Amino acid sequence: MDFNRYRDALAERVGRLDLPFDETEYARRRDAVTQLMAAAGLDALLVTDAADICYLTGYNTFEVSVHTALVLTGAEASSQPGRAVLQVPSIETGPAVTTTRVDAVLGYRWEEADGAVAQMAGILADLGVSARQLGTDNWGPALRSGFRDGLAQAHPGLSLVDASGLVDGVRIIKSEPEIALLRESARITEIGIAAAESLIAPGVTDQQLAATGSAAMIAAGSEFMSLQPIVTTGWRSSVIHCNHQRHAVATDEVVFLEFGSAVHRYTAPMMRTRVAGEPSAAMREVADVIRAIYTALLEHMRPGVTMDAAAAAADAALQPIADRVFFSGVYGYTVGIQFPPSWVEASGYIARGVERPFEANMVFHLPLMLRVPGEWGIGMSNTVRVTAEGGEALTGNDLMLQGVGT
């Protein structure tokens with residue numbers, strides 16, 4: 001059978017699977033997005049990021065490297081009520097028809113990706129928006145320039161408007177059901193970290209630590225992770241974005257762990273650093289500064305305070321050793337639904353110059369990693385929720401540097 005018959009057979013025999021949220025949650029999200037669309041003067045929105053599509057419809061798959069697009073229209077866009085149409089490659093019609101809450105699922109031939117342009121041109125015409133304002137995510141990772149240019153050629157009267165960040169404006173505030181999933185991810189992440197930590201000793205390899213942590217998280221309920229477990233040792237921990245690569249832990253070496261389980265695509269990451277022996281005085285000093293930064297951030301993570309103000313307070317805590325360590329410049333980034341290759345939601349950042357105020361139920365991972373180039377790096381973090389009383393840690397890390405394995 002072809003992919004259309006496959007889609008229809010699944011719809012008849014399996015139907016829509018249970019989703020992590022009820023219908024009212026998805027309706028709330030879509031309503032919020034269509035309200036932002038109306039405020040921006042958009043008749044329709046082309047959503048191409050897999051995490052955004054999942055957030056709005058429930059769509060879930062491990063294959064996110066191929067073109068997929070959701071078209072949303074508001075009730076004012078045409079004589080039709082607001083619509084949601086999902087376009088997927090032929091190999092994704094199964095996940096689309098069984099996991100999403102949309103009005104229609106339409107597949108195009110996976111091996112002929114350019115055919116997606118003609119199909120989408122027809123979808124827009126059928127929705128009555130082929131000569132109107134269509135929002136696109138020009139700064140997102142998933143909008144192909146060939147696809148966007150093809151739509152412009154197919155519908156010369158179509159006005160393509162940069163609507164980057166529009167869905168982020170809704171996603172950045174987490175609902176209570178979302179917070180519950182992040183708490184569950186946090187629980188599983190902690191299990192993985194603890195399992196890996198228990199093996200740290202001279203002679204153990206970074207591969208063994210990563211494998212043990214990953215297995216523990218999967219056994220505890222994690223789905224495929226948006227970012228695989230990160231384990232670095234010794235001087236490699238001073239090199240940003242290194243990972244395990246068959247290195248044995250040496251006596252008194254730093255071992256850095258950063259894990260994040262996935263629960264219905266929600267991830268609450270956590271960093272922990274241990275020493276396979278005895279931490280040096282310099283290591284302890286850096287750990288003390290990290291805790292001071294963390295305390296400053298939590299104090300400022302309350303509604304009405306700007307992200308810039310929180311970063312400024314963190315800068316002040318970092319200042320005593322700022323000339324001796326490398327820091328990325330970002331004290332926090334939002335997390336929530338995400339797919340590989342990253343768990344970073346990227347709807348908000350705690351950094352200097354970001355004047356957006358915090359709002360209740362924003363959730364950030366605070367990646368507090370300080371690196372002495374060529375020597376070692378100390379990283380400790382929690383995933384933190386914004387509340388009226390300040391930041392509330394969802395993961396259970398005490399941010400203490402300890403020696404183990406001796």
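Reader: Which residue stands opposite G390 in strand 16?
Author: T387 does. Keep in mind that this is a predicted model.

Reader: How do strand 15 and strand 16 pair, parallel or antiparallel?
Author: Antiparallel, over 4 bridges. The two strands form a hairpin, with 2 residues between them. Strand 16 covers residues 390-393.

Reader: Which strand do 3 bridges join to strand 15?
Author: Strand 12, residues 363-365. Strand 12 and strand 15 run antiparallel. F364 stands opposite V384 there.

Reader: Is strand 15 buried or exposed?
Author: Buried. 5 of its 5 residues, 383-387, are buried, so strand 15 is largely enclosed by the rest of the structure.

Reader: Which way do the side chains go?
Author: T383, R385 and T387 point one way from strand 15. V384 and V386 point the other way. In a regular strand, side chains alternate between the two faces of the sheet.

Reader: New topic. How many helices and strands are in the protein?
Author: 11 helices and 17 strands. The radius of gyration is 23 Å, close to the 22 Å from the globule rule for 406 residues, so the protein is as compact as a globular protein of that length.

Reader: What share of the residues counts as buried?
Author: 55% of the 406.

Reader: And charges? How many positive and negative side chains?
Author: 30 positive and 47 negative. The centres of the two sets lie 2 Å apart.

Reader: What about the surface, how much of it belongs to carbon and sulfur atoms?
Author: 54% of about 16100 Å² of accessible surface.

Terms used: Residues are numbered from 1 along each chain as its sequence is written. This is a predicted model: local features need pLDDT of at least 70, side-chain atom pairs count only at pLDDT 80 or more; totals for chains, interfaces and linings use all residues. Side-chain values use heavy atoms; hydrogens and water are left out. The radius of gyration is taken over C-alpha atoms; the globule rule is 2.2 Å times the number of residues to the power 0.38. Buried means under 20% relative accessible area, exposed over 50%, partly exposed in between (1.4 Å probe, protein chains only). Accessible areas come from the Shrake-Rupley method with a 1.4 Å probe; for residues, only the protein chains shown count as cover. Lys and Arg count as positive and Asp and Glu as negative; His and the chain ends are not counted. The place of a charge is taken as NZ of Lys, CZ of Arg, CG of Asp or CD of Glu. Two strands pair if DSSP finds at least two bridges between them.
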